[in-house]
Amino acid sequence: MGKKKNSNEEQKRRIAAYQDLCADMESRGWMKIDGTISVEKATAMAFVTAGPFALLFLILYFWIWQWSSFTLVEGSLLLLLFLISIPVHEGIHGLTWGCFCKNRWHSIGFGVMWSSLTPYCHCKEPLGVRAYFWGGIMPFLILGVGVSFFALMWGNILCLWLGLLNLLAAGGDTTILYELLKCRKENGGDLLIVDHPNQCGFVAFRKNYEKIEVS
C-alpha cells in the first residue's frame, strides 16, 4: 500500500510539472501538438512496427540453423532473463535521454504504474526530435536487434527467443517513434518534444509564428 501511495504522489508531481512546462512553453509562443495514442492502438500497432523485424530474424535463424530443441530449463531461464530485461529496457531509455538533457540524470524519472505493474521511464526536459528518437529506439536496437543478431551469429536458440520477445516488447516504442516521424513530416523538423508523463506518446512544440507576429 505504501508503494502504491508513493507512486500515486510521484505521478501527481510528474503531471503537475508537465502541465507547468507546457503552460510555460505556450506562454512563450510555442504551439502544442498532441502526439499521444491510446494503449489499444499502441498494442495493435506494435505488431505492425516491430513484428516484421521479429519475423525476419525468426526466418533467418531457422534458415541458417534450422529447428533446435528448447528444454524446460531453457524456458525457465528465458522467462527470468526477459523479466530482468524489462527494467533494463527502461534504464536504456533513461541513460540515452539523460545524455541529451541539460540536467542529465536529474531530468530522468523511473517508477512503476502499479495498476498495470508496468515500469516506466520519463524524461522531464524538452528534447529535439533526434534526441527523443534515439532515446526511444535504443532498447529496440540493443535488447531486440542486438540480441537477435547474436543468436544468428552463434546459433543460440535462447538468445533468439529473448531477442524476439524484446523486439515485440519495444513495439510500443516503435509505434510512438512512427508517430514522431509523422509529426515531424507534417510540422517540420524544428520541434521540441516533451515526453508525456502518464500516456503513450508525447506532445510536440513548434514556434507559433503567427502568434509572435501579431504580438
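This is a predicted model: local features need pLDDT of at least 70, side-chain atom pairs count only at pLDDT 80 or more; totals for chains, interfaces and linings use all residues.
1. Overall build. The protein holds 8 helices and 6 strands, and, read from the N terminus on, its elements follow the order α-β-α-α-α-β-β-β-α-α-α-β-β-α. Taken along the principal axes, the C-alpha atoms fill a box of roughly 70 × 45 × 30 Å.

2. Of the 215 residues in the protein, 39% are buried. When contacts between residues at least 6 apart in sequence are considered, 71% of them join residues that are at least 24 apart.

3. The largest pocket. Its volume comes to about 1,000 Å³, and 37 residues line it, with Glu90, Thr118, Gly172, Asp173 and Cys200 lying nearest the centre of the pocket. Two or more lining residues are given by each of helix 2 (39–49), helix 4 (72–100), strand 3 (118–123), helix 5 (129–154), helix 6 (157–169) and helix 7 (171–187).

4. Make-up of the lining. Helix 4 provides the largest share of the lining of this pocket, namely 7 residues. Sorted by class, the lining of the largest pocket contains 19 nonpolar residues, 15 polar residues and 3 charged residues.

5. Helix 2 against helix 7. Both of these helices are among the elements that give two or more residues to the lining of the largest pocket, and they also pack against each other, at an angle of about 90 degrees and with their axes 7 Å apart. Because angles of 65 to 115 degrees count as roughly perpendicular, helix 2 is described as roughly perpendicular to helix 7.

6. Residues at that contact. On the side of helix 2, the residues that take part are Lys41, Ala42, Met45, Ala46 and Thr49, and on the side of helix 7 they meet Gly171, Gly172, Thr174, Thr175, Tyr178 and Glu179. The residues of this contact divide into 4 nonpolar, 5 polar and 2 charged. Gly172, listed here in helix 7, is also one of the residues that lie nearest the centre of the largest pocket.

7. Thr96. If its neighbours within four places in sequence are left aside, Thr96 is in contact with Trp134, Gly135 and Met138.

How values were computed: Residues are numbered from 1 along each chain as its sequence is written. Side-chain values use heavy atoms; hydrogens and water are left out. On a 1 Å grid over the protein atoms alone, a cavity is a set of points where a 1.4 Å probe fits but cannot get out, and a pocket is an open set with protein on both sides within 12 Å along at least five of seven lines; lining residues have an atom within 4 Å of a point. Grid points are joined across faces, edges and corners, and a volume is the space filled by probe spheres set on the points. Helices (H or I, at least four residues) and strands (E, at least two) are DSSP runs, numbered from the N terminus. Ala, Val, Leu, Ile, Met, Phe, Trp, Tyr, Cys and Pro count as nonpolar, Asp, Glu, Lys and Arg as charged, and the others, Gly among them, as polar. Contact means heavy atoms within 4.5 Å. Axes are lines fitted to C-alpha atoms, for helices over the stretch in contact, and angles run from 0 to 180 degrees between N-to-C directions. Angles under 35 degrees count as roughly parallel, over 145 as roughly antiparallel, 65 to 115 as roughly perpendicular and the rest as oblique. Buried means under 20% relative accessible area, exposed over 50%, partly exposed in between (1.4 Å probe, protein chains only).
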